[in-house]
Amino acid sequence: MEMDMGKETEPRYAIGIDFGTASGRAVLVDAADGRELAWHATPYPHGVMEEELIGCGIRLGPEWALQHPGDYVEVLRRSVPEVLRAAGVSPGQVIGIGVDFTSCTMLPVDEAGTPLFLKEGFRREPHAYVKLWKHHAAQEEADLINAVAATRGEAFLSRYGGKISSEWMFPKALQVLREAPEVYAAADRFVEAADWIVFWMTGELKRSSGCAGYKALWHSGEGYPSAAFCRALDPRFESFAETKLRGEIAKLDGAAGRLTAEAAAVMGLRPGIAVAPGMIDAHAAVPGVGATKPGQMVLSMGTSLCHLLLSGKEVAVEGICGVARDGIIPGLYAYEAGQAAVGDLFGWYVQQAVPAYAEQAAAREGVTVHEWLERRASRLQPGEHGLAALDWWNGNRSVLVNAHLSGLIMGLTLQTKPEEIYRALLEATAFGTRKVIETFEAAGVEVRELFACGGLPGKNRLLMQIFADVTGREIKIAASAQTPALGAAMLGAVAAGSRCGGYDRIEEAAGHMARVQEAAYRPNPAHKAVYDLLYREYTELHDLFGRGGSEAMARLKRLQRTAAAAGEQRDPELPGMDGGRAKGSGRR
């Protein structure tokens, strides 16, 4: 059933649903101007299963991260009716629904689309559950994929910076095949959670062009990697793309389906509402801030930082996380790069390294330690602390693509103060973003305009000013605190179309619904001149430790692993004494 409300019907609303790592939230948005009337978050009842399967007592191996798909349905059951109630909006006024999701968050399903772990015989099998985006236990498979692709000269590898992540679809599915072949055989398909929740609402299982392009190695012109490549990984994997990844690829400029009567009853809505294809969470922020043109880059800033750049052309760029046509804005290529630690880096310093007197002073002043450090660091001039740092506390995602790199601070003396270290860490992350921007431009991909969204821009003004000074660019800040959900709601309005009171193109929806703050961060020329000098020092350290000039970081990592293994062998109660990875079930 198709709803036809007509343009003259007012008001009209779209719902954006943002599925995160620990919770999901729904936002009710006015389709006319993007005003957010209400939002509601639902924590996942099962949370993230990293040590054992809840209710089963089955232990999981290192680097595992599983979820229960029923948690996603609970978000629809609780948060959608709540935003309607809070805003006083009737179900008949909602014209479209859009979702964004962490990715690659993957689950095996049967022929009917039912999650495999719900079937008899698989309830105690970890590989039958949802593998969350941060499930990193498929690193061996990722290493194999990278090695085989490089040896064979596979063209797709250059679209992902030369390395495939263990978080993505191919490594996770290959891990299932190698460790639980019975689960692999029973799975009719492996699907992104973003696509599965849309299927739950519509009864139609389609694959989002964004999720497929960035996380499943799909290309709009070439399709998935060949059967010959998959066979080179494992003869049993030969038909993976053809069979386990089959399904229509849905572009992000229309509806994936319409809300079924069963789903509508759970969500407190009317059947027939248009549902957009799923979108990757950070990517939904791009239309959410109004970025729809080539040369516009969005900095999605939180615990980590995701750089999303629109372009009219596809070229090979060192160290990117991926590039896909129609992946975010239909008709354009969208590039993704990233920094693995930003907010997490500042959090580490506050939680692990700030002296007690700083915590006590912050408490006396009635502010957080972050605020105390920011105030004092703001009084410093660029270069005054005499420090240089590398922002690799969680490895380097772009442009070196090396998870084994580690952090560094140079210039410490007996006079160094905590606010000086704090500022040096803020500057290091800005230098990392400048390195990403310069790498894009060196490859011929223009960066004309910067937008920022996420949790950090609203919390740390000093950080944003440093980013503007270091990059030498104005940075516009999203007006919404729920930017990905707003972007998802825009897709919902586009899925509805103008006939039902929405829009026919995402650019049109963004023009009406996206908002940025009036005030922007503009570079201080005097500060930029100093930061240009400091950036030279950052680049020298970056290349010395990141491009093979010194292997000290790698040697320290190896020594750390060796010492940790020796410690485990001395303690008979610790699991994993053999230092190897358990095969068959992923259990310890």
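Over residues 13-286 the chain is 33% helix and 19% strand, with 20 Å between the end C-alpha atoms. The model is a predicted one.

Start with the nonpolar core. The largest one has 86 residues, and the members that touch the most others are Ile 17, Phe 19, Ile 197, Leu 259 and Leu 269. Helix H16 (residues 483-496) supplies the largest share of this core, nine residues. A second, separate core has 68 residues, among them Tyr 335, Ala 341, Leu 345 and Val 369. In soluble globular proteins, nonpolar side chains tend to be buried together.

Phe 19 can be followed in more detail. Leaving aside neighbours within four places in sequence, Phe 19 is in contact with residues including Tyr 44, Tyr 72, Val 75, Leu 76, Phe 101 and Ile 197. Gly 24, Asp 100 and Thr 102 are also in contact with Phe 19.

Now consider two helices. Helix H2 (residues 139-152) packs against helix H3 (residues 169-179) at an angle of about 115°, and their axes are 8 Å apart. Because angles of 65 to 115 degrees count as roughly perpendicular, H2 is described as roughly perpendicular to H3. The crossing of H2 and H3 is right-handed. On the H2 side, the contact is made by Glu 140, Glu 141, Ala 142, Leu 144 and Ile 145. H3 contributes Phe 170, Pro 171, Leu 174, Gln 175 and Arg 178.

Key
Residues are numbered from 1 along each chain as its sequence is written. This is a predicted model: local features need pLDDT of at least 70, side-chain atom pairs count only at pLDDT 80 or more; totals for chains, interfaces and linings use all residues. Side-chain values use heavy atoms; hydrogens and water are left out. Helices (H or I, at least four residues) and strands (E, at least two) are DSSP runs, numbered from the N terminus. A nonpolar core is a set of buried Ala, Val, Leu, Ile, Met, Phe, Trp, Tyr and Cys residues joined through side-chain atoms within 4.5 Å. Buried means under 20% relative accessible area, exposed over 50%, partly exposed in between (1.4 Å probe, protein chains only). Contact means heavy atoms within 4.5 Å. Axes are lines fitted to C-alpha atoms, for helices over the stretch in contact, and angles run from 0 to 180 degrees between N-to-C directions. Angles under 35 degrees count as roughly parallel, over 145 as roughly antiparallel, 65 to 115 as roughly perpendicular and the rest as oblique. A crossing is left-handed if the near helix is turned anticlockwise from the far one by less than a right angle, and right-handed if clockwise.
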